[in-house]
Each structure stands twice: as C-alpha cells, then as structure tokens.
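User: I would like to learn how to read a few features of a structure, beginning with the surroundings of a ligand. Could we go through them one at a time?

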Amino acid sequence: MVAAIPALADRPGRQLLQAVVDPIGYYRRCFRAHNGVVRVQMVPGLSAQQVLINDPAVLQELMGRDNGRGISAPGHLNELMAQVVGQHSLMLLEPAPHRARRRLLTPPFHGERLRAYGALIQSIARQVFAELQPGKEWNARTQMQRITMRVILSAVFGLHEGERYRHLEGLLQRNLNLRTGRLGTVMLFVPALRRDLGSWSPGGRVLRLESETRLLLMREIAERRRSLEAGDGEARVDVLSLLLACRDEQGEGLSDAELHDELITLLLAGHETSATVLTWALHWIHHQDEVRQGLLAELATCENPDDPELIQRLPYLNAVVNEVLRIHPVAMLLFPRLVEEPLEMAGWAFEPGDVLLGCIQAVHERADLFPEPLSFNPQRFLERSYGPGEFLPFGGGARRCLGAALALYEIKLILATLLRQHRLALTPACDRPLPPRRRGFLLGPSRPVRLRVLES
Ligand code: HEM
C-alpha cells in the first residue's frame, strides 16, 4: 500500500525560526510527530512542498535516482548558498553543466592526486604542532582551521606560502568567523540584515571582506592566466591551472567570475568542514580517555606510522572518525532534490514538485540503526557495516561531497600526527558534555574546545 506523506502541524514562520535557532530540536520534533518522511516548511525561498526525510530506504533510492531518473538535483534549489559561494559556483549549477564541472573537478581530489598530498599534509600539521609548547593552552578550532586552510590552498593554488596567501588566509578566516557567529548565522536567513548600512553594520563588514577577497583572487587568476599563456607551468596539476585550461565545445574557457566563485566554493567548503570534524574529534578523544588509549595502541602496532597510506587503513582510527561524523555530521542536510514525476519510494507517495530534504543528522540519531545514538561509541563501526542511506555524512548521488576522500584522508593523517607527537588534555572547563549549535549552514561545537599540552 502506498501512503500519503503526513504534514507537520505548525506555522511556517515558527518552523523556520526553530530550524535556524535550534535545528536538532526541530528535526527531533518533526520525526517524533511522523517518523520517516514529513511535509514541512523550514527553508526560506523554496516552494512550500518541502519533505524532510530520515527513512534510510527513501534516502538510498533518492541518491540512486537524482541523476534524472524521476529526481534531479538542480542548482537553483541551493539559492541560499549563493550569498556565500556566488551564483557561478558548482553548487548552483543546473544538472547538465553541473555534470560537466564535476567531471573536471573530481580528479584533483581523488586517487593519485590525493596520495600526493599525504606528505604535504603531514608537513603542514607538523609545522603547526611545532608551536605547541608543554603547559600551553590552545584553541582546537583555530589550530585545525590553520592546517585545513593550508591544505586546501595547496590543492587549489599549488602552494600555500608567501605574503599573498597569508593575506587570503586571514581574509577567509575573518569572513568565516563573521558568518558562523550568531549574528552572521541569522543574516544568512534574513535578507534585511545583509544590507550595507556602513562599515560597522554586519552587512557592510561582510561586503567589505568579500570585495577585498575578490580583489586578491582576481589578481591571482590574472597572473596565473598570464603565466599559462606564456607557456610557464604547463605541468601544474593544481585546481586553478586545471580550471584555466578547460574549454567547452565552442572552445570557450571559464570567465573570471566563474573561476572566482569556484575557487571560493572550494576554499570555504574545503576547510571549515574538516576543521570542525577535527575539533569534535579532539573533544571526544580526550573526553573519553579509552578512545585515546585505543588510538595510541593501534598507532603503536602500525608498521610505519609515517606512511600516510598505512594510516588510512587503521581500523580503529577509521571507526573513531566515522563515529565523529555520525554523531556530528557537520552538514545537517543533503542539498535539496526535486521530484520530477509521480513516484513511490519505500511505500510513500511523492508528487512532482516535492523538494526532498534528506536529514543526515536525524538518520544518524535513529536508535534502530545506532543503539544509544547520543553516546559516542566507535565500536559500533567495528561491529557492523552501514548502507548508503544509513550512514551518509557526505551525502551521495549526483551531489555527493566532492571533497569526501580528501577530508577523510586529511582528518586521519592530522589526528595520527598530533596524537603521536603530543600528549594533550582538555582544560578542566572544557572536559564536560559539549552540545552542538548552528554555525552558518553547518553545525559545530557550542563552546571553544581548549586543550593543554602535557608533553611533546
Ligand atoms: C568532513 C568534511 C566534510 C563534510 C562532512 C562534507 C559534507 C558534504 C555534504 C553533506 C555535501 C552535500 C552532498 C549531497 O547533497 O549529496 C557536500 C557537498 C560538497 N562538498 Fe563537502 N564535506 C566535507 C568536506 C569537503 C571538502 C574538503 C571539500 C573540498 C573539496 C568539499 C567540497 C564540497 C563541494 C564542492 C560540494 C558540492 C558538490 C556538488 O554540488 O556537486 N567538502 N559536502
């Protein structure tokens, strides 16, 4: 029998407010009312036909069909993201150009290229950790952001040294801190707050930071264009060189505006997410000492813990990272998908025009899949495997995270490097339960995670 999808009985304004201020509370309320699939109105700017989903069978089918088999993943549904990544970003592209752009951007974040980043990631991590003196306290998020920012700068531009990169790093960091603060977060959802009312207004500050960043990126693009045209650096394999070299069927390359938006997308999506996961990981590893002991024991048995490939294959480290991504998936929702024709999925009737919002956070909190879901327990990933609709921190299908492989690679390497080199402890004020809170479009720790270096 095919069932109609029930609706949450609540006013749209109240739904939006709770989804912005207390997203996890909102999802729990929705699925307490109707577990599986529920009609909601929580995303501003989308049609009223929004369906929130925590049914793994529906999600698995959705991710298998979203290349146009009854469901699509059109960029205009991500309009809210345009204020951060720009209108020309991969995230905003419609299905055909999106497929072409993904074909271009996938190789630099996979396979051989990824392995080539191994030694670089270790060396960046060691440089940053060398500053950790015994007795000193440090903020996990700040340090993790420094590392992941340098990694993504290297992948995108081919290097991360020099005055201009330090300047760019500083600007992106300030922009992100503003956007992920409480006011910046509300601004993302309330257009009136984005108005430029002078350099002290939040809208004005964001605009000034963005135009300074744009200037720097444009200068970088122009220089690289000139050097490629002059025949220099033909062997370069970084993302910017790749984007500059690509041509469509008419022989046209990407415009500067397109290049700019793609660079911003990768720089922002590529470092804040991984830095947040690393911050959560450091919290749990030191809050539950048996986890740290387990990791150290495993690293001690590793044949060559300096070999990035061997680190990737450590089962307990993999389980710990998966459990961090399960309990704090960082991206709470998949990008919206659109139903193109009447469809039945897992016994539910979907209608053309339905906008599907896969709720990663709520799937990861299902007690039938993850017993005692609010407990941090890496062991569960050693005891069973999970399907694509059950454990999905990177989404799936047409818009599966482009940087998933890079993120996992760097998170494992950075954790292994840090744990082997330093003995750390949470400061007494931080060694207690840490609830998440919304930070822009993502979810992160509600308080700073501060650690003290005991020995190096
Ligand atoms: C642990 C870290 C990360 C998490 C949890 C994460 C999560 C996600 C999720 C859930 C999506 C949407 C997938 C969907 O709708 O099916 C996504 C998309 C995306 N991610 Fe990540 N991400 C991470 C790291 C990265 C990194 C390092 C990069 C850098 C290359 C990156 C670049 C992107 C891009 C470009 C998209 C859009 C893909 C598209 O529209 O086709 N992400 N990510």
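Analyst: Let us begin with how residues are classed: Ala, Val, Leu, Ile, Met, Phe, Trp, Tyr, Cys and Pro count as nonpolar, Asp, Glu, Lys and Arg as charged, and the others, Gly among them, as polar. In this predicted model, the shell around the ligand has 16 nonpolar, 8 polar and 3 charged residues.

User: Which residues are the closest to the ligand?

Analyst: Of the 27 residues that surround the ligand, the closest are Gly270, Thr273, Gly395, Cys401 and Gly403, and the elements giving two or more residues to this shell are α12 (256-269), α13 and α19.

User: How should I read the sheet, and in what order do its strands lie?

Analyst: Strands of a sheet pair through backbone hydrogen bonds, either parallel or antiparallel. Here an open sheet of 3 strands has the order β5-β13-β10, with antiparallel pairing. Because β5 (137-139) and β10 (423-426) each have a single partner strand, they stand at the edges, and one side of each is left without a neighbour in the sheet. From one strand to the next the twist averages 35 degrees. Between β5 and β13 (residues 450-455) there are 3 bridges, and Trp138 stands opposite Leu451 in β13.

User: Which helix lies across β5 and β13?

Analyst: Helix α7 (residues 140-157) does, running at about 65 degrees to β5, while α13 also packs on the sheet, where α13 touches β10 and β13 and its direction makes about 90 degrees with that of β10.

Technical notes
Residues are numbered from 1 along each chain as its sequence is written. This is a predicted model: local features need pLDDT of at least 70, side-chain atom pairs count only at pLDDT 80 or more; totals for chains, interfaces and linings use all residues. A residue is near a molecule or strand if its C-beta atom, placed from the backbone, lies within 6 Å of it. Helices (H or I, at least four residues) and strands (E, at least two) are DSSP runs, numbered from the N terminus. Two strands pair if DSSP finds at least two bridges between them. Axes are lines fitted to C-alpha atoms, for helices over the stretch in contact, and angles run from 0 to 180 degrees between N-to-C directions. Two residues are in contact if their C-beta atoms, placed from the backbone, lie within 7 Å.
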